[in-house]
Every structure is written in structure tokens, then in C-alpha cells.
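Work through the exercises below with the model on screen. Each task is followed by its solution.

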Amino acid sequence: MHRDRIVGIITVIIGAAVALMTFQLPDSNMAGDVGPKVFPFISAAIMLLCGAILVVRKPTKDAKPFLVGEQKKRFLAIIGVIIGYIVLMWAAGFVIPTLLMLVVLCLMFGKDEKVPVWQAIVYAVIITGIIYVMFSIVLHLRLPVGNIINLI
Amino acid sequence: MADVFSALALLLEPATLIMCFAGAMVGVILGAIPGMAAGLAITVMLPISFTMEPTQAFALLMSIWVGGCSGSFIGSILLGIPGTASSLATTYDGYAMTKKGEASRALSIGTLSNFMGTVPSVIIAMIACPLIASIAVKMGAWEYFSLSFLAITLVVAISKGNMVKGFIGVGMGLLLTQVGYSPISSTERFTFGSYYLAGGFSMATVMIGIFAGSLIIMSYARNEKGPTSSFDGKLTGFHIPKKDFTSNIGNIIRSFLIGLGIGFLPGMGAALSNMVSYATARNSSKHAEDFGTGIPDGIWAPEVANNASVGGAIIPMIALGIPGDGTTAMLLGGLTIHGIEAGPLMQKNNPVFCNMIFLAALIAALFCLVVEIFGIRWFPKLLDAPYHFLYPVIMVLCLLGVYIETYNIANIIMACFFIAVGLYMMYAGIPNTPFILSFVLGSQMETYFRKAISYAKGDMLMFFKRPVSCILLIVAIGSILVPIIKEQIAKKKAVKQ
């Protein structure tokens, strides 16, 4: 199926879901107010109408593939690294997960340039240090401390 | 005038000046690197700036914006690859001059034309904003709703051949503003009982997801790393032959006015003004055939115009509270978080801060000029940007920026949801700007709409009975219908032939 049609179907589904949920909203209790339903209905109507146009309209040209071959693997790999970072940050706080994340991402982005591991480590240590000093000491912000202690 | 001096005193404090300088430097560097742009830097800095003093935060953000608009010509001239779309037209003659061995001359013209575009346009904005605000303050809820509606339709109208997807972006943007408590009646909407959704989505979380996160993920997935070639010529210092300037005074003034005018219109901005002014300069030139072969006229025109758009875009942002593009939308969001409401009353309620914003832009332009004059020999280094060092740190700063808003990992998970939305928008070909504008304006549009109906005792036609509101709505509807009708006529003509 052409990508525009897929997008059209998704948009219609979202529009219909929003419209259904909007029906369940209460009316405004203020005199003269048109209420909180009007704008959600407008959003739903826009989505339903535009989605339907995309479904019905003859696609003008073939869409370029979003990701091809190796790109799909790369896409999943970076998503995995980011999810891993968030989970680790929740568990172990800022310092160690950030060091790991920077090393891994630096090596991933620098694969073609053959960035040596030592360079990625030095880079990660420097950047983590700078961020720690800037956030914690200069701006007095709290960085994630991790929940692993609570779990134990 | 006292307000201007008070604002200047605030800006001349060492910490604020450092922010201006740092912002201008970051802006020029990221503006020069293809694929980065100052908008990305503003996205990353937005949540961090919330923790700063408003003066310092806005000195930083305005300087990044001005620096970013200024730096984009470097890639255009040295490699024929613009840092951002705002310097696309500069590649035609800028790169041609580089190929002729005149890179230093081209860069010098670019540097000066940036300054000559930004400074007068910001001064004009400084004068125009109070005047426009004094008129705008008389507008009611009807006019404000219609004006916001017009801003959105203008942005959708320029989603070339993609108006339907532009409207899907509008629907999505509006929908996101409806999560949480509604304006006026405080009704809980689409929160699914979650405590985290009750407050709605913050600007920084949405922007970081849609703009920055998805951009970095796709850059890695598609292995996009900017220019593959590098500049290997020689650069001398800053130098502009007197004739290059004197023979282009008319061109500069014309391009400036084009840039200012286009910058003022929502959705247009520097990306369009540089192309229009280049085309106008070529069409009105006595030696039009020389354009594209490497002549100074072809650099003055786009570079003055794209930087003049800065001043043009500030006017609706400050005087009316209407953003023209994604970057000004983020700046407006930044103002709101600092408790300052942009719009006609801002001049009255926060006159010093208002002037500080203008002066920060002027000081940033001055810093850019100095940095670019003395740093001209190092420009090629910027284009050999180590993406493998830049992207990881940007990603970490994005996620930490989102975290420090609420000190909760849940906010990071929310940002991940918006990264997914951003990726979906890329997949679907849904343009960013209509989405962002609707997200920024959605809540206040709903407030104005509901107030307007309430004040008019339910009379919906009041939007058309009030002359200014009526004109704005007619222009808005026309901006959507005219391109559709034109397209249909063109199709019929094509069928007949």
C-alpha cells in the first residue's frame, strides 16, 4: 500500500478516537461558554477529513523508502541504545550511564572514521565531567541519582 | 528611552555579556555546520535556560538565533552546501567565487552583509513594536483568534503540494494542546487519569522530541554526516574592495526591505527571503547574465535579506505574540516559562525586558561581526565538524534537559514518545512548522475563541461582523483556497493541451 494511504488510515483512526473520547467529556458549567469539547472536535474533524483525503486521493508519486537495508538495523540499534540509556539512568543515575552512552554513541557515529576506543573514552570522560560541573555546580541543578539503592 | 538604558545596563553585566558571546559563537558554529542549525541549539538550551535568570536566558537564546542566521553562509560559500536553507541562494555566486579563488572576498561580503541585515532590521523592530502593540492592544478576542488562525493558514499554505499533510500537522499540534486541563472551564481532557498528563505537555519536551531527538536518530540510521568534501584553498584576512560595496547600495537596500517584509509574515522567514531577494537582484540588474558566475551582487542580496528577516520576525513575536516559525515559537515558549507573556501588553508590563531582547540581538550581531572578521581563516575548520562528537553530546543534553524540567524520568519517557511522533512525521512527510505553530498557539486560540463566543452571547457571526477580524479571516481562507484553485486551473489547462 502507498505510504500516503497508510498515513491516511492512521490519521482517520486517531481522528475517530479523539472524536469518540470528546463525546465523553463533560460540558462547561460556565454560562455562555461553548465548552471544552469544541476544540477537540475541530482537531478530530481536521484529522478525519485530511486522513480521508489521503486515503481516497490517488497518490501522485511513489514515496521514497523511509529506511532501506542496513539503515533499518542502524535505526533499531540507536533506538536500543537510547532506551538502554534511559533505563540505566533510572537505575544507576547520571555518571556511569552517561559515560557508557557517550562512548557507545561516539563509536557508532564514528564507525566510518574508525574512531579509536581510547579517543571515545577520553571524549566521554571530558563531556561527562563538563556536564556534571555545568549542571551540578554552576547551575545548581539535580542530576539523576538512580534508584538501584532503593531496589537493594 | 530610560527603558532602553536600563535594558542596556542589564545586558552589560559581565555574566549576561558572556551569555551573548557564547550564544553568538554557538549559533555561528552550528549555523555553519550543515544539518545542525541554530534551531537545534535553541531546542537543546531551552530547558536549561529555564533555570537561569530571564535576562541571561534570553541574551543566550537571542544570540544563538542571530548567530545561527549569520553563520549559515560559510558552507554556502566554501563548499556550495548551505548550513541552513536560509543561505541556499548564496551558493550560486558564493561558491562560484570560491572556485575562482576569491573565497576570502566572498566570505568578507557575507560577513558584512549579515551585520547590515540584522542591525537595521532589529532597530526597525524596536521602533515598530511599540507602535504595532499600541494598535494591537485595542483588538479583542475575535481579532486575536482570527490573527492566530491566519498565522496557521499562511504556514499551511506554503506546505507546497502538501497542504493536506500541513493540516494533519495542525490537527496534531492542536490535539496536543488539549491534553491536561482546558482553559476557562478547567475540564480535564485526554489525561487517561495520569498525574503526569494533567499539566499537559511542556514546550521543551515536545520540541526536543520532534526536532532534536528524531533528527539525531535519522542522521545515524541514514548515515548522514554532512559534506563529504572539504575546502582546500587558501584564505586571506577580511577585505572588501570599496567598489563591491558602492556598486551594491541599491541592491542592499532592496534586499533589506524584502528580508524585513518576508520575515514579518508567518511561516516565510529567511529560507524564502534569500531566494526572493536573489531573484529580484538578478532581474533588476544591468548584468543579469553574470549572476551565477561569482559576482558580489549575488552574495549581498541573499545574505542581507536572510538576516533582515530576524528583525522582521521579531515584530509579530513581541508586538502580537505570534511566532513566525519554529525558532520564534520556541523563543515565545521560553518567554512564557519565565512568566512573560509576549503580545501588546508586554511593551507596557515589561518594557525593560522587551528592550533587552532587541539589544541582545544587536549585541549578538556585533559579536558575530567581530568573530567572523577575525575568525575568517578558521571557517574551513567548522565545515570539517566531527559529527561523531557532536551528536552524542547533543543527545545527552536533550535527555538531561527534559529531565531537569521536572526532575522525573517520566518526562524523559514523554520526550521519547515525542521522538516517536517526530519519526512518524518524517515517515509520513508531515511538515514541522504547521505542527509547532498550532502547538504554540492552540491553547490561546481556544481561550480567545471561547471568550469571543461568550462575549458575543453565542453569536458566531461576530467574527465576521467585526471588520479587522473579518479581513483577517478572509485573508486566511483565501490563503488556503487560492493555491487550491490555482492548482485546479493549471490541471485543467494541462488536460486541454
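**Exercise 1. Contact range in chain A**

Find what share of the contacts in chain A between residues at least 6 apart in sequence join residues at least 24 apart.

Solution. Take a contact as heavy atoms within 4.5 Å. Keep pairs at least 6 apart in sequence; of these, 60% join residues at least 24 apart.

Before going on, note the ground rules. This is a predicted model, where local features need pLDDT of at least 70, side-chain atom pairs count only at pLDDT 80 or more, and totals for chains, interfaces and linings use all residues. Residues are numbered from 1 along each chain as its sequence is written, chains are lettered from A and ligands numbered from 1 in the order written, and side-chain values use heavy atoms, without hydrogens and water.

**Exercise 2. Overall form of chain A**

Solution. Next, take the principal axes: the C-alpha trace of chain A spans about 60 × 50 × 30 Å.

**Exercise 3. Burial in chain A**

State the percentage of buried residues in chain A.

Solution. Buried means under 20% relative accessible area, with a 1.4 Å probe and protein chains only. Of the 152 residues in chain A, 41% are buried.

**Exercise 4. Domains of chain B**

Locate the two domains of chain B and their spacing.

Solution. Bounds come from an automatic or database domain assignment. Domain 1 of chain B is 1–158 + 241–385, and domain 2 is 161–224 + 394–465. Their C-alpha centres lie 25 Å apart. The contact takes 31 residues from domain 1 of chain B and 35 residues from domain 2 of chain B.

Technical notes:
Buried < 20%, exposed > 50% of the residue type's maximum accessible area, 1.4 Å probe, protein only.
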